[in-house]
Amino acid sequence: MPVSLFAYIVCDATKSTGRVAFFAPRREKPNACYLQRTCLSVVCRRFSAPLRAAHLLENMPGAFCAKRGAVIFDDLRAIQLRYGFLPKAELEGLSKRTQTPLYQIHSVASFYPHFHLVPPPKAEIRVCADMSCHLNGACELRADLERRFGNSHPDDVQIRDVSCLGRCDHAPAISINDHIFTDVTAAHAEQIARSAIRGDTIHEPHPEQARIACKADPYGENEKYGVVRKLVQSKAWDDVLAQLRAAELKGMGGAGFPTSMKWDLVRKQPDPVKYVVCNADESEPGTIKDRFIMTNLPHLLIEGMIIAGLVTGARRGILYIRHEYHLQEEILGEEIRRCYRSGLLGKKILGGSLDFDLEIFASPGGYICGEESALIEAIEGHRAEPRNKPPFPGQIGLWQKPTVINNVETFINVPQILARGVEWFATQGVGGSRGLKFVGVSGQVARPGIFEVPMGVPIRDAIFNHAGGVRGGRPLKAFAPSGPSSGYLPASMVDVRLDFKALAEAGSMLGSGAIVVCDDTTCMLDMALNAVRFYRNESCGKCVPCRAGSQKMADMLVRWTQGGVPESQYRADLSLLDELSQAMSLTSICGLGQIAPAPIQSVLKHFRAEVDVHVLQGQCPSGICFTAAARAGEAQRVGIRP
Ligand SMILES: Cc1cc2nc3c(=O)[nH]c(=O)nc-3n(C[C@H](O)[C@H](O)[C@H](O)COP(=O)(O)O)c2cc1C
Ligand code: SF4
Ligand code: FES
């Protein structure tokens, strides 16, 4: 008997919750084939694409797929929608109704920034504090807002930090009651917050934008999904893998793992149930390329996921998107509905013999959800804490099944290669690099945005030709090739090529293509602190090296930005920092803790004199640290004791 943790449960379509008995593998012997009777709660999944739900109902009236815990977010979202937060009595009711221990519900609800356990104020203003916004006046904006609302009651308004909102090209960005506003001034933010306090409904602006034509699109105005159409006929799965291998396609989510190897691993797994997951969590400061791709090339993303399903034998795909990308969720939902209507998704796609269903899962929030195993935990309805690896998701992934997880940009490369050929792909890059690359350029540049460039171009080209150079014509001081995880490189290295190998050799990484630019007024120690603080705030806390190490590192850098550290103490700090960095890199469970030391290590390598002046002479050459405002700002940040 096949062992599956996955069950289709038939129930009355109008009934949204209930309980059902079915058989599941015995917990103590997960690989054994004997089963035990298990009671599970059943709650309708929230389908982001409503027609997807309709489609399911059409095929299986009243049927919903249910999973232990997977439904918890729907319940929590529903409660929060009704009350504005999660009242204790409601959580107790949910616990009773679903026979899930209250502590389990609480542990999930308290993990994700999307959920509020106490009533929020009428206007909750959250100012993005990360790299690109920090470089564009976020601290000043926050200080100004605090002055403007200095006499307000906390029930009316509260002002807090928030991690990167994915609008780094329109910094500074803020959210007010979970609606995002970009390029904001304090006066504008005050106006919106005051209308929220009055009880007016506030709306997030979605400027109408024509789709931007991209070189990466093999279809242009012609009929789309040509690769899938051919593949359903030819069933040439091995050929797809051979082409991806020949193209040397690597993952675009950060790690650069060969895509053909990942797909091949999943394809070889004997389990009949497999999944395809698209990682569209995109929460690292400066990273905005996937937002652009989902807006302008949604069909290529969906086609890439369908191809992954066909090749690996997965019948179900989940597109995991950060919840701040409402517009992209709508665009993709519409495209998914179109695909269902035209037989590209669903049962026996395009009249062939294979099925592929696709749904959207909106993330409950947090940078750590982008780590692939944490993302799987989130879909399963748990706290997004990364799993120990191995086993890798390709072997044991979502609901313990083999799972392909790729980044948005990786998926869109697949139809490009298959439609135009390996040779075309190989010639798109320069200097021996392959393919096209979407990069976000933000920070102190004249025209921040997302640009499509040949892989291998000098980073100078992205900053100066595409993004219009440093704002105000000021000299370039430094840049991060890919957000905080790449560390900072000095202006003298701006000709480094945008390429996996070239950037690794430069002591950095291609990462997710999030170029953040710093002009000559920037304090690099302040930027290192900003990045370390991001990791400290976003650490899930599961492992000690990262949880304690990131806090310790942040504490140390705060001290350095405040001066008065004796030379002997500075030397001790430096050697402790090295020890700490090594311990974090070697022993943290996931990439977050492993990479957290990169920003300060890169600043010590390239801007050591600037750090020395801070610590030994009590001076900030850029006039940013040591000010009363800097101290006051630090005092308000979680966990830092100035
Ligand atoms: C803390 C952390 C956050 C991450 N966030 C993302 C993300 O938002 N998007 C993404 O594609 N990969 C992210 N990754 C990398 C994923 O774990 C995974 O390697 C990637 O989705 C695999 O896809 P690829 O092979 O196509 O690159 C993150 C990794 C870590 C450690
Ligand atoms: S390294 Fe940090 S984010 Fe990753 S599992 Fe450990 S505590 Fe969590
Ligand atoms: S939106 Fe502020 S850094 Fe990304």
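Q: Where is Pro390 found?
A: Pro390 belongs to the loop that runs between α14 (372–379) and β12 (403–407). Helices (H or I, at least four residues) and strands (E, at least two) are DSSP runs, numbered from the N terminus. Before we go on, please note that this is a predicted model, where local features need pLDDT of at least 70 and side-chain atom pairs count only at pLDDT 80 or more, while totals for chains, interfaces and linings use all residues. Residues are numbered from 1 along each chain as its sequence is written, chains are lettered from A and ligands numbered from 1 in the order in which they are written, and side-chain values use heavy atoms, without hydrogens and water.

Q: Is the peptide bond from Lys389 to Pro390 cis or trans?
A: Most peptide bonds are trans. The bond from Lys389 to Pro390, however, is cis, and its omega is near -5°. The bond from Pro390 to Pro391 is also cis, with omega near 5°, and Pro391 lies in the loop between α14 and β12.

Q: What is the phi of Trp399?
A: Most residues other than glycine have a negative phi. Trp399 is not a glycine, yet its phi is positive, at about 50°. You will find Trp399 in the loop between α14 and β12. Trp399 counts as buried because its relative accessibility is 9%; buried means under 20% relative accessible area, exposed over 50%, and partly exposed in between (1.4 Å probe, protein chains only).

Q: How exposed is Asp183?
A: Asp183 is partly exposed because its relative accessible area is 44%. Asp183, not a glycine either, has a positive phi of about 50°. Look for Asp183 in the loop between β8 (179–181) and α7 (186–198).

Q: Which strand holds Ile180, and how should I read its place?
A: Ile180 lies in strand β8 and, at 4% relative accessibility, is buried. Ile180 and Leu165 are 15 residues apart in sequence, with 7.8 Å between their C-alpha atoms. Met131 is buried, at 0% relative accessibility. Between Met131 and Cys164 there are 8.2 Å in space, C-alpha to C-alpha, and 33 residues in sequence.

Q: How many residues does the largest nonpolar core have?
A: A nonpolar core is a set of buried Ala, Val, Leu, Ile, Met, Phe, Trp, Tyr and Cys residues joined through side-chain atoms within 4.5 Å. The largest one here has 74 residues, and Leu76, Tyr112, Ile379, Tyr488, Trp560 and Ile600 have the most contacts inside it. Helix α19 (residues 524–538) gives the largest share of this core, nine residues. Another core lies apart from it, with 62 residues, including Ala308, Leu344, Phe356 and Phe425.

Q: Which residues come nearest to ligand 2?
A: A residue is near a molecule if one of its heavy atoms lies within 4 Å of it. Around ligand 2 there are 13 residues, and the nearest are Cys540, Lys542, Cys543, Cys546 and Cys590. Cys590 is buried, at 10% relative accessibility.

Q: How many disulfides does the structure hold?
A: A disulfide is a covalent bond between the sulfur atoms of two cysteines. Counting pairs of cysteine sulfur atoms within 2.5 Å, the structure holds zero disulfides. One more cysteine to look up is Cys518, which is buried, with a relative accessible area of 0%.
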